[in-house]
Amino acid sequence: MATKKSSVAFNTLERENLFRNPPKDKSAYPALLAAVQPHIDSFNAITVDGGLLDLAREDIGIKSVFDGTNEKGSLGNKLSLRVDKIYIGKPRLSDHRDKTSLRREIFPSECRERHITYRGKLTVKLGLRINDGPWISQDRELGSIPVMVRSNRCHLENLAPYDLVEHKEESEELGGYFIVNGIEKLIRLLIVARRNHPMAIVRPSFAGRGKSYTQYGVQIRCVRPDQTSQTNVLHYLNDGNVTFRFSWRKNEYLIPVVMILKALIETNDREIFDGLLAAKDRENTFLTDRVELLLRTYKGYQLYTKKETLQHLGEKFRIVMGVASDMSDVDVGKEFLRKIVLVHLQDPRDKFRMMLFMIRKLYALVEGSCTQDNPDAVQHQEVLLGGFLYGMIIKERVEEYLESIVKEVRREVRRTTAFDFSNKEQRTRIFAKVNENIGSALEYFMSTGNLSSPSGLDLQQVSGFTVVAEKINFYRFISHFRMVHRGSFFAQLKTTTVRKLLPESWGFLCPVHTPDGSPCGLLNHLAHKCRITTTISDTSSIRKTLASLGVVSPATASLPSSATMCIQLDGCIIGWCSPKLARVVADTLRYWKVEGSHDIPLDLEIGYIPESRGGQYPGIYIFSQQARMIRPVKYLPLDKEDQIGPFEQPYMSVAVTPPEVVPGESTHVEFDPTNILSIIANMTPFSDFNQSPRNMYQCQMGKQAMGTPGTALRHRSDNKMYRLQTGQTPVVRSPLYNEYGLDNFPNGMNAIVAVISYTGYDMDDAMIMNKSAHERGFGHGTIYKTEKLGWAEEKRRGGPSSNNLFGFINQEEIEEQIDSIHEMGESTDEEKLLKKKAYQSLGIKQEWLETVDLDGLPKIGQLVKAGDAVAVYHEVPKESESRSRFPQNKVFTYKGSEDAYIEEVRLLGVEGNDNKPMQQISVKYRIPRSPNIGDKFSSRHGQKGVLSQKWPTVDMPFTESGMQPDIIINPHAFPSRMTIGMFVESLAGKAGALHGMAQDSTPFRFDEHHTAADYFGHQLKMAGYNYHGNEPMYSGITGEELHADIYIGLVYYQRLRHMVNDKYQVRTTGKISDLTHQPIKGRKKGGGIRVGEMERDSLLAHGTAFLLQDRLLNCSDYTQTWVCRECGSFLSTTPSIKKIGFESQVRCRRCAKPAAGFKAEGMVWEDGNGGQFVGGSNTTVIAVPYVLKYLDVELAAMGIAMKFNIAP
Amino acid sequence: MSDQRESYQPPAGGAGRSYAGASAASGTMHYLCAECGVKVAINKGEPIRCKECGHRILYKQRTKRMVQFEAR
């Protein structure tokens, strides 16, 4: 918790000081850093010593291969491979490729400016062993992998704002993203099933798995210490049997569950029976029948001991597991259990107990004594963090690498008879053949978001893992990091159940901040106080503590008769107790946890599910691992902060406000009701006054506002960047605005808004802007576009690579002659031609030199229009080629349609090559965008509107004090939308402006007894204004007082990035499609807008037939064509050959007869092939749509002829 | 087909164009190092390197010529 409670005050001096003197110790906005912390921490977790990569390396284990040199039968020498260490380096210049640079580190800003990837070297220390010899290690470099900014592999880690500014970063640079090809990318947070907790599932598709399968199942997503997961499912069969299902390398396998049980430990039917049935269950014939059948049917396998079972499993799964050939079947069986069955547990005994528990839960589900668990509820979900996913991919790639070495060795052994492991040269030859570039694979993953993996990583999707962290404005940027996606698999589902807002989400996922439309409810945002754990809490004392509370350890008795409540810690059964005791245990643990005694960590999740009739399966489920959502609430007994998770929350009584606390029942109370909202949703003022969809709209529009993406714009080279020139701090805001330091990134302007129907130009969500406000700079914005010019990507393999250089090929010549050529007169046409020739002889054009300097690069500050030259280049002439008559210079042109100014030009050195001349430049254009009619604006209440007029100030209405509004909106915008929050903001803003103070707009602060209208009305009254915010106004045109008092106040307005200049589309003629001759679509291509069915209907209804014809025919694919009047065919008409005294005419080939005998000279005509015909002259020209001709041809191809009756 | 943009063309008068007096910028150009800010002279075909610190990004300096626009 922040020690200093932030206020709403403007803190102008403090902010100014922070801007001038960025702190040298730590950021002034810790809340902002905390917002992205899960991303950074998850990345750090993979790279730290003993981190996830080390755990992954252990899990990969040893891969071995044999050379088969010895006599037949034996396997030969054994080469074992393992990974001793995986290093990820910080981004640095390579030592042997670059020798000139002083500073060896590569900083993120350089990568952004150069459009390259921020990456560090991935090195793997490989361990090799021959037979039983010593391990030899060897370092292999596996390329460079993208590295997260501000992680422990980034040079910016832990830098203070001052140092960040020194390194051309934002003073509040957050990190948490990767830089790939100069673009900032981040790995999305993804919702996955809660780990290590068996979930009872009823899914109709389960029944389709095979004969006698039912819809019942128990599913558990087991997570290894290295965060990779394996899902196990138990299926219930009609006859009471249970099958164990898992998926391995994208294939599914089914095993009878008893086989797993028997393989795990040395057991017998009695023990399994006792483990499944508590004493009181013995009377329950439903259960006993099924357990009996379960054990009886297994007899068919005739596997009795653990060894036999393991052998059986090993034999069946030897190929699937891909193990070394010298492994015994029993060992393969053990490996199978280690890698696939309940992988979150190590001890087979624990696995055995857990498996029994899952079977019990499955039977309970079938029997109906427990209900199904909802996989769509956040209670059974956790968050897959980017860093963890990244670690999984690295692990899999490294394992794949080992396997590819093994494969290569095997191939080599088969090819050459004598392959010697101990020979170093032969070994290096193997390495050379193996693909060692893991780096590019990860770069591919980051830039496309596609996962190419042999196992699928236990995930439901293969693409869409990464998104661009767009910096349209800061709201957009920050919400990317708080975004949680349900998975693209669910986007295709037709049912809406997955999208529902469930009460379980309270406090974890923001109820308002989700987009409307197709991703609605799938793309959620974390509540701003919700945190995601990234480390395992210390649980070493839990077992001891539980024992002291009287919990029976599972080691002492398998299933005590009175103890029916299971206590699990991260999916490991650690005790049993009675339902009565369970409550005491749970309450005591929580008390101790909050108190901080007994070494119980505060972020432990103690999910106590009480016994119920047909409710969730009871027990105490304790969770301590990573990836859990967690949030702070106040624990009432101790009046201290407690951290609660979504699993336990549904069974707790958390009061929203202190008055809601029910004595004896409530255990917790929220610190603030606004804790349930996301950062963006919290920025909507008085959102509790609005109709809820309006708040959702605002969450969308806040992210589309033209705002301030950052302060280090000079050092960025995003493709497109929006900037609001005159951003202001809102008068009406909540304290969180200051806490998150959003004053550094203003997102709109305070505007005086009058709600009045004034000119008629404010109809239908249009708004009128005061022309003088516009001229004062209200809403002025800029777009920056960056373009990369050069040839880096043009590398063709094999063929002659063209070698280009920026600049003029004949620079000296031009320098010498240019002045004299410039001075040549151009008064007459002759002179003009002469001048043009002179330029031509230099291989240039006169216009080029207006925008390009003699170095071939654009002039900074220069205005460029469409088609202007921005850079000159030429091919380097090959020595063999003789010089052509004129020197050949070529240009890159500016392709945008709008006038732009050259803002910056960067000369980029070639990546990874010291001495190559410049191959790339980066040009940043600046396009000024002052507010224009048709541009979109919105208040912070989902009230968007289009600017319809810039109305002259003199004609605007004015109040008694002479105030004139900046913006006029129509009163009709309110009744149906019910955005009362906007009225209140107007009121509060007006009072705040009058008194010179910021207003607190936190929602849920007013009620019926203490209304906002009164509170702010009183302030207005004190300032000498009308209590209700209305004022008499006078028409600016006539000067008469308006009949009604006008509601006028101050509202914060956002300018949205949708502007007419990017949208307008007009066309008279233009490009047409080749096939149909109809206009193509698309604004970029100069296409038309479709007159669709509805438009057609309305034209029909109006009886405007000629208009309809104009749209659908004349302006579309009007064509004139020849047709035969007799046979009515387009296709048979053909022009005849022109002869002397015989003009070319169009004749019908089909109606014509071959000329035979003697015919009059004038009658015979000849077609293109020299055939002579008579007749077929009854042809005419008609106007048809071109597609009709096309249709005729298509039909003819199918053997269908079209006949047209031509009249008159 | 006709790919030309049919935008309004203001009457020629050279608004925003100061007709080339390119002679001012002759010889080698000077650029600013993105790292240390030093002026670096780079001739055509030379690799992009700061002569002081070896940095790999250079900024072009703002043109010295008068740039004049029509205020509209």
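This is a predicted model: local features need pLDDT of at least 70, side-chain atom pairs count only at pLDDT 80 or more; totals for chains, interfaces and linings use all residues.

Reader: Let's start with two helices. Is the crossing of α8(A) and α9(A) right-handed or left-handed?
Author: The crossing of α8(A) and α9(A) is right-handed.

Reader: Next helix pair. How far apart are the axes of α13(A) and α14(A), and at what angle do they pack?
Author: Their axes are 9 Å apart, and the angle is about 120°. Helix α14 of chain A is residues 424-433. The angle makes α13(A) oblique to α14(A).

Reader: What's the handedness of the crossing where α13(A) passes α14(A)?
Author: Right-handed.

Reader: And which residues meet in that one?
Author: On the α13(A) side there are Y401(A), I405(A), E408(A), V409(A), E412(A) and R415(A). On the α14(A) side there are R429(A), I430(A), F431(A) and K433(A). The residues of this contact of α13(A) with α14(A) divide into five nonpolar, no polar and five charged.

Reader: Switching topic. How many aromatic pairs are there over all chains?
Author: The count comes to 42 aromatic pairs over all chains. One of them is F178(A) with Y390(A). That pair is tilted, with 5.0 Å centre to centre and 40° between the planes.

Reader: Where do F178(A) and Y390(A) sit in the chain?
Author: F178(A) is in strand β5, residues 178-180 of chain A. Y390(A) is in helix α13, residues 386-415 of chain A. They are 212 residues apart, and the pair links distant parts of the chain.

Reader: Are F178(A) and Y390(A) buried or exposed?
Author: Both are buried.

Reader: Another pair, then. Why is Y253(A) with F317(A) called edge-to-face?
Author: Their ring planes are at 70°, so the pair is edge-to-face. The cut-off for that is over 60 degrees. The centres of the Y253(A) and F317(A) rings are 5.6 Å apart. Y253(A) lies in strand β12 and F317(A) in helix α10, so the pair ties together parts 64 residues apart in sequence. Y253(A) and F317(A) are both buried.

Reader: Which residues form an aromatic cluster?
Author: Y177(A), F474(A), F477(A), F481(A) and F745(A) form one.

Reader: Now a single residue. Why does E335(A) count as buried?
Author: Because its relative accessibility is 18%, and buried means under 20%. E335(A) is in helix α11, residues 329-340 of chain A.

Reader: What does E335(A) touch?
Author: Leaving out residues up to four places away in sequence, E335(A) touches M321(A), V323(A) and M327(A).

Reader: Last one. How many helices and strands does chain B have?
Author: Chain B has zero helices and three strands. From the N terminus on, the order is β-β-β. Chain B has 72 residues, and 32% of them are buried.

Terms used. Residues are numbered from 1 along each chain as its sequence is written. Chains are lettered from A and ligands numbered from 1 in the order in which they are written. Side-chain values use heavy atoms; hydrogens and water are left out. A crossing is left-handed if the near helix is turned anticlockwise from the far one by less than a right angle, and right-handed if clockwise. Helices (H or I, at least four residues) and strands (E, at least two) are DSSP runs, numbered from the N terminus. Rings of Phe, Tyr and Trp (its six-membered ring) pair if their centres lie within 6.5 Å; planes under 30 degrees apart count as stacked, over 60 as edge-to-face and the rest as tilted. Buried means under 20% relative accessible area, exposed over 50%, partly exposed in between (1.4 Å probe, protein chains only). Axes are lines fitted to C-alpha atoms, for helices over the stretch in contact, and angles run from 0 to 180 degrees between N-to-C directions. Angles under 35 degrees count as roughly parallel, over 145 as roughly antiparallel, 65 to 115 as roughly perpendicular and the rest as oblique. Contact means heavy atoms within 4.5 Å. Ala, Val, Leu, Ile, Met, Phe, Trp, Tyr, Cys and Pro count as nonpolar, Asp, Glu, Lys and Arg as charged, and the others, Gly among them, as polar.
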